[in-house]
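The sequence and structure come first.

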Amino acid sequence: MIATRNMHVCTLVGARPQFVKAAALSPKLKEFGIKETLVHSGQHYDSTLSQVFFDELAIPAPQINLEVGSSSHAKQTGDIMVRFEQYINGTGPYDIVIVYGDTNTTLAGALVASKCNIPLAHIEAGMRSHNWNMPEEINRILTDRVSQWLFAPTETAVENLKREGLQDYIHLVGDVMFDATQLFSQHAKDHKPLKSITHYEPNKYYLATVHRASNTDNRENLQNIFDAFGQLSLPVSLPIHPRTESALTNIKVPKNVDIIDPVSYLEMLTLISNAKRILTDSGGLQKEAYWLGIPCVILREETEYPEICHNSWSICAGSNPKSIVDAITKDPNGPQTNFGHRPDESPVDMIVSALMTSSNG
Ligand code: UD1
């Protein structure tokens, strides 16, 4: 695979999971002579949600931070669009814009690229919860519709995209988060011991995260989740997202729930690998738990990754305390699958190869 001309891509990131995905793909783009300009929307701006990832994962500093910060969906998406359009019109030219996942940053980047007639590559295309109440579902569907490269992590994603008439743009490549987990879980082992992140012994605590609007913005759901945690016999370590922290004012937090500051990616990998179970409404954490071999209880009614529920490695329990507690006590009843990757080729290799082939052709 040889680059036959100087390809220049502009990647837009803005939220924590996107930094992790860029940490897996960016070095591969560089290795194959593809020039990348990295733009940070500023959607996540707290150091614990942003800078720590750049430092720890050795991601090159972004060329610019658009500093949009937090606001309503419309304002945040609109501000990113205005500033990103200005940036790419004043720099470049770019052959491709790359966006990841399903955040407001993703959608804003997609709309700008398509209106500026720059081909768009969407990484993690085709994921669907079929729940239109999730802002992420809207972001995903609209982004996929205007993308020229739909990099699908799973067969389920491929089927979703085909149902929406997008068959001509699909590349089934696997999941870049698999690459990131593979790449960084060894670093995590050499990084900080578990005891310096939390004082628990391996397998003697649950690890939980809660940040989805459907849980944090609904007091009853959030209280139910904490009530379920309170019924567990082990401590629950909970790195807190700022959105959830604000929502805790009206919530009774049980004694065994240990709220800690947000953790870095390497710390998170250590916490996952040593936990008895993962309890989460995060998409990324569900997958990382699977690849690290830890059963997971999903604090939502549905998942974009139904494959990980095979043999009960993950169980969707929603926010009902009884369903959550029942799911926690259930062990997986069979082996895992190759979810999100092929044994022979890594997702990032396949993405770079597809970009270069289409661009050279
Ligand atoms: C966003 C994504 C979600 C993704 C998550 C990863 C959207 C619609 N949602 O959710 O899909 O799973 O990122 O973490 O894009 N805040 C801070 N500091 C920060 C960032 C946020 O205090 O650095 C607070 C603000 O009060 C803000 C709230 O968190 O209003 C929500 O932040 P926002 O970026 O809108 O969405 P996330 O919940 O982080």
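## Packing of α7 against α12

Helix α7 (residues 176–190) and helix α12 (residues 265–274) have axes that come within 9 Å and cross at roughly 85 degrees. That angle makes α7 roughly perpendicular to α12. On the α7 side, Ala-180, Thr-181, Phe-184, Ser-185, His-187 and Ala-188 meet Tyr-265, Leu-266, Leu-269 and Thr-270 of α12. The residues of this contact divide into six nonpolar, four polar and no charged.

The model is predicted: local features need pLDDT of at least 70, side-chain atom pairs count only at pLDDT 80 or more, and totals for chains, interfaces and linings use all residues. Residues are numbered from 1 along each chain as its sequence is written, and side-chain values use heavy atoms, with hydrogens and water left out.

Helices (H or I, at least four residues) are DSSP runs, numbered from the N terminus. Axes are lines fitted to C-alpha atoms, for helices over the stretch in contact, and angles run from 0 to 180 degrees between N-to-C directions; 65 to 115 degrees counts as roughly perpendicular. Contact means heavy atoms within 4.5 Å. Ala, Val, Leu, Ile, Met, Phe, Trp, Tyr, Cys and Pro count as nonpolar, Asp, Glu, Lys and Arg as charged, and the others, Gly among them, as polar.

## Packing of α1 against α7

The axes of helix α1 (residues 16–31) and α7 come within 8 Å, crossing at roughly 80 degrees. The two helices are therefore roughly perpendicular to each other. Val-20, Lys-21, Ala-23 and Ala-24 of α1 meet Val-176, Met-177, Asp-179, Ala-180, Leu-183 and Phe-184 of α7. By class, this contact has eight nonpolar, no polar and two charged residues.

## Ligand site

Polar backbone atoms of Tyr-45 and Asn-104 each lie 2.8 Å from an oxygen atom of the ligand. A polar side-chain atom of Arg-243 is 2.9 Å from a ligand oxygen. The protein covers 86% of the 740 Å² of accessible area (Shrake-Rupley method, 1.4 Å probe) that the ligand has on its own.

## Asn-221

Asn-221 lies in helix α10 (residues 219–230). Its side chain reaches the backbone oxygen of Ser-214 at 3.1 Å. Apart from neighbours within four places in sequence, Asn-221 is in contact with Ser-214, Asn-215 and Ser-319.

How values were computed
Parallel < 35°, antiparallel > 145°, perpendicular 65-115°, else oblique. Polar contact = N/O pair within 3.5 Å; in protein donor to acceptor, adjacent residues only side chain to side chain.
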